[in-house]
Amino acid sequence: YGTLFDVYSVSRLLDELFAGQGARLAALWRDKQIEDTRLCSMSRRYRPFSELTRNALRHACQRCGLVLTAAAERRLLDEYLQLAPFEENLGVLRELKARGVRTGVLSNGDPPMLEAVIAHAGFDGWLDPVLSAHSVQRFKTDEAVYALGPQVLDLPARDILFVSSNCWDAIGATWYGYTTLWINRSQLPLETLDTEPTRTGSSLRDVLGFFPPATPRPPS
């Protein structure tokens, strides 16, 4: 999600519903969502990402002592299906296609969530395959999720560029064997796990550095 879409763009609606609480609620919501994917994955008690997203929202509101009505919950969950894409992403996807690079998604999100957010952003013609952790009933950083890329693309992991805005995800993919790019939009410190992504950048444009433009053919 956070690579293509701004998961904190929900803070605008959160602020509308809970004045002055948008940024805090968005951060708590996201942190709890990711925390619960890890708990479910490690404990082998899978729950769909949509369910964890809803429960994390409820938890965030409870933490802040806020009353979340059914109507507000529905609006916020609908908003999650319409997350704002980062402004450079469509142009990068177009350029990658022009360079003959296949682009896809490997996400914790369940298929209906991914389909909705990708279509809303206008990315559905540029991403194939769209792979969901739901198919293996695990979440990242479980190897079963990372294995979906090589299985579907029929390539070794080292020949696939795995791009993530989450350092922990980029590290997990590096451990698995992918070539990796961490998009560090917020200038955060590297995880202290004695492993680094192959490269670090600040936007999706840094993907283009892995795939130089094709050399024009001389006129015949």
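The legends below describe several close-up views of a predicted model.

**View 1. Helix 2 and the residue that follows it.** Helix 2 runs over residues 22–43, and its 22 residues reach 31 Å from the first C-alpha to the last, which is close to the 32 Å expected at 1.5 Å a residue. Just after helix 2 comes Arg-44, whose phi is positive, at about 55°. For context, most residues other than glycine have a negative phi.

**View 2. The packing of helix 2 against helix 4.** Helix 4 covers residues 70–80 and packs with helix 2 at an angle of about 70°, the two axes lying 14 Å apart. The two helices are therefore roughly perpendicular to each other. On the side of helix 2 the contact is made by Trp-29, Arg-30 and Gln-33, and these meet Leu-76, Leu-77 and Tyr-80 of helix 4. By class, four of the residues in this contact are nonpolar, one is polar and one is charged. An α-helix has 3.6 residues a turn, so residues three or four places apart point the same way.

View 3. Rolling a probe the size of a water molecule over the atoms shows where empty space is left. The count comes to one cavity of 30 Å³ or more, and the largest cavity holds about 30 Å³ of space. Its lining is made of Val-7, Val-10, Ala-26, Trp-29, Arg-30, Gln-33 and Tyr-80, and the largest share of that lining, four residues, comes from helix 2. Among the lining residues, Trp-29, Arg-30, Gln-33 and Tyr-80 also take part in the contact of helix 2 with helix 4. The lining of the largest cavity divides into five nonpolar residues, one polar residue and one charged residue.

**View 4. The largest pocket.** This pocket has a volume of about 930 Å³ and is lined by 43 residues, of which Gly-104, Val-105, Leu-106, Leu-161 and Val-163 lie nearest its centre. Several elements each supply at least two residues of the lining, including helix 2, helix 5 (89–98), strand 3 (105–107) and helix 6 (111–121). Strand 5, which spans residues 161–164, gives the most to this lining, with four residues. By class, the lining of the largest pocket has 26 nonpolar, 11 polar and six charged residues.

**View 5. The second largest pocket.** The volume of the second largest pocket is about 510 Å³. It is lined by 23 residues, and those closest to its centre are Tyr-8, Ser-165, Asn-166, Ser-186 and Leu-188. Strand 1 (5–6), helix 2, helix 9 and strand 6 (179–183) each supply at least two residues of the lining, and helix 2 gives the most, with five residues. In this lining, 11 residues are nonpolar, five are polar and seven are charged.

View 6. Most peptide bonds are trans. A cis peptide bond, with omega of about 10°, joins Asp-128 and Pro-129, and Pro-129 lies in the loop between helix 6 and strand 4 (130–132). Another cis peptide bond runs from Lys-140 to Thr-141, with omega near 20°, and Thr-141 is placed in the loop between strand 4 and helix 7 (143–146). In the loop between helix 8 and strand 5 lies Asp-154, a residue other than glycine that has a positive phi, near 55°.

Technical notes
Residues are numbered from 1 along each chain as its sequence is written. This is a predicted model: local features need pLDDT of at least 70, side-chain atom pairs count only at pLDDT 80 or more; totals for chains, interfaces and linings use all residues. Side-chain values use heavy atoms; hydrogens and water are left out. Axes are lines fitted to C-alpha atoms, for helices over the stretch in contact, and angles run from 0 to 180 degrees between N-to-C directions. Angles under 35 degrees count as roughly parallel, over 145 as roughly antiparallel, 65 to 115 as roughly perpendicular and the rest as oblique. Contact means heavy atoms within 4.5 Å. Ala, Val, Leu, Ile, Met, Phe, Trp, Tyr, Cys and Pro count as nonpolar, Asp, Glu, Lys and Arg as charged, and the others, Gly among them, as polar. On a 1 Å grid over the protein atoms alone, a cavity is a set of points where a 1.4 Å probe fits but cannot get out, and a pocket is an open set with protein on both sides within 12 Å along at least five of seven lines; lining residues have an atom within 4 Å of a point. Grid points are joined across faces, edges and corners, and a volume is the space filled by probe spheres set on the points. The expected span of a helix is 1.5 Å times one less than its number of residues.
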